[in-house]
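Dear colleague,

Please find the structure below, followed by some notes on what was found in it.

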Amino acid sequence: MAPRRKCPVCGSKQWHKDSSSGLVACSEGHVIQNYRNESGETQDLGNYAMRKRTLKSGRQKKARQSRADPKLYHGERARFHYYQCLQLVLRKQIAALIALWDLPPEFEIVCRDTWTLHLTLLPRPPPAEPYHHMREQKSNDSDAGDTKPALENLEESRYDDDDDGGGDRQSSSSSSEDEDPELVELLRENSEFSSSDEEKGHASQKQGVQPSYRFIGTYDRPVNCIAVLVVACWAMRLPLMYKDLIDLVESYELPYLDFLRLLPSDMTCHLTKHAVRALSPRFPPSTLYLHRLASRLAKLMYANYGVFTPELNVSPVLWRAVHQCLGSTPTLYRLAKRLGHILSLPLTLHHSLSPTLRRVAPGDPESHLYDNVPPELALVATAIVVLKLVYGLDGKLRLPRVVEDPASALPDVNGYLSAFGKMEEADDRHNGKHFSSRVPMSTGNTDDATLDEFLDFCERVLVKPQNGEADQQILDNHFPLSTGSRGARPDAIAPHSTAPRHSATTINDGETDEVLQPGESYTIYHSRDVLGNLPEEQALIIIRSAKWVGVSDDYLCGVVERFERRLRRWYYREGRGEQDTEVDGMED
């Protein structure tokens, strides 16, 4: 800002201008000399005036460069690539099971068909292949561009016809005037409602309200590949347990944990962090979660396409439960089979696939509670109920009084429980699961052979193979040029320990009447009683059985309680029927 001038007379810096004369004076009234203020007004402008023209430069503004990796896939293309990775993992899992269990080549065909049905039954099926989809869209756009001039010519010809037929338009306008006014009012209200809906939609879009988008859902995760394997094994009547697949996953013999290292680099370079997180499960699946996914798939396959999954091959699974888990004799197998028939155990993946129960009264249910449990869990719970009927497992001695009692063919209770307690230690020593996350192990107490085995396990599990070797291995396994012998069958499942032979149960000849009989003074323990404790004998069997199946102790206790109460209802119903027949006979 320029400094103010001082008045040469008084030195004042305050000035004011007189509006009438145009003179400038200081605050004391001294007028500045040699100052002129002119103002001119023009009425008419000339024909010539200077105008400044701005020229726009042809330089374009520099676009903001994206920092995103062009190799990564997003959107529907990423989802399609995600399913491609899952399909390759499924093929690796199929090849691993065929090699481990010496399965026939038809197993791959069954798994492929089941995988196809699984993809079609997803809540959001995978999209079409983006490359072919884009080619189709471009071809459709090119066809539409070729037909556009013809459509314009057609519209011009229509306009010419309309110009020629002006009288027809006047006649149509006169006919429109004769329309029903009520119909016009209804159309107007409808247009108002539609316009208000459109305004609401535009407002929501302006506010940024968008539908929630998830990259994958519950049924798109890698665990569903194992559910497909379960359904395929059931379709081929393989005596499969969920724990068999879980053990293979924990030992890294079945590709599931950290299988991204097994995929070729050409596929992993296109995965985003969300896809990598989805393809990297941290823990093996549980038995109940696998059963929920497999039963849902079997139910939807039958409901939508009529594909029925056969029942479980129950005889081998029941014998494994009796022999490997409980370490008992074929007598327990026969009794458990009989009790399972009385309890009406469903042997299908989903209870809706099994026949409904016989309804005596109008209010009888069509299925029992806990009918949708894993089949091996139901068989183990049935065998535990038989052991409770024979031994009691409450600290009280029970002895049969006649030789015909099936309890006389079972082992002695003291020898059986002592041998049963040693089976857990033998399993940890012989089943080859030293390096499982569920088995505690200290490296300070291991010998040199175990350390070498642990290092070999880490090399097989943690070290990523070379890219060339991995790609060549994929080509050799999944796209072989010549079919050769599959080789010898490796030991997939380590043998389980069994209880040694021991003496049979003694017969009570009536010398001591205070000893209880099998099935007498039966106690049902409430599974939701948090303050109660199970007897030591029953807790020993429950803990080992739950670990063998792969569920929690409380869940197994709940299933055992339900089966016991179901057996109690059946017993009283059958006993009441017998009493009614005896009364009728006496009256006759």
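Tyr252 is in the loop that runs between helix H7 (242-250) and helix H8 (265-268), where helices are DSSP runs of H or I with at least four residues, numbered from the N terminus. This is a predicted model, in which local features need pLDDT of at least 70 and side-chain atom pairs count only at pLDDT 80 or more, while totals for chains, interfaces and linings use all residues. Residues are numbered from 1 along each chain as its sequence is written, and side-chain values use heavy atoms, with hydrogens and water left out.

Although Tyr252 is not a glycine, it has a positive phi of about 65 degrees. Most residues other than glycine have a negative phi. With a relative accessible area of 27%, Tyr252 is partly exposed (buried means under 20% relative accessible area, exposed over 50%, and partly exposed in between, with a 1.4 Å probe and protein chains only).

Ser344, also not a glycine, has a positive phi of about 60 degrees, and it lies in the loop between helix H12 (330-343) and helix H13 (375-391). Ser344 is partly exposed, its relative accessible area being 32%.

Ser328, by contrast, counts as buried, at 8% relative accessibility, and its place is the loop between helix H11 (314-325) and H12. Apart from neighbours within four places in sequence, Ser328 has contacts (heavy atoms within 4.5 Å) with Val322, His323, Leu410 and Tyr416.

Finally, Glu453 belongs to helix H15 (residues 448-462) and is partly exposed, with a relative accessible area of 39%.

How values were computed
Helix = DSSP H or I, 4+ residues; strand = E, 2+ residues; numbered from the N terminus.
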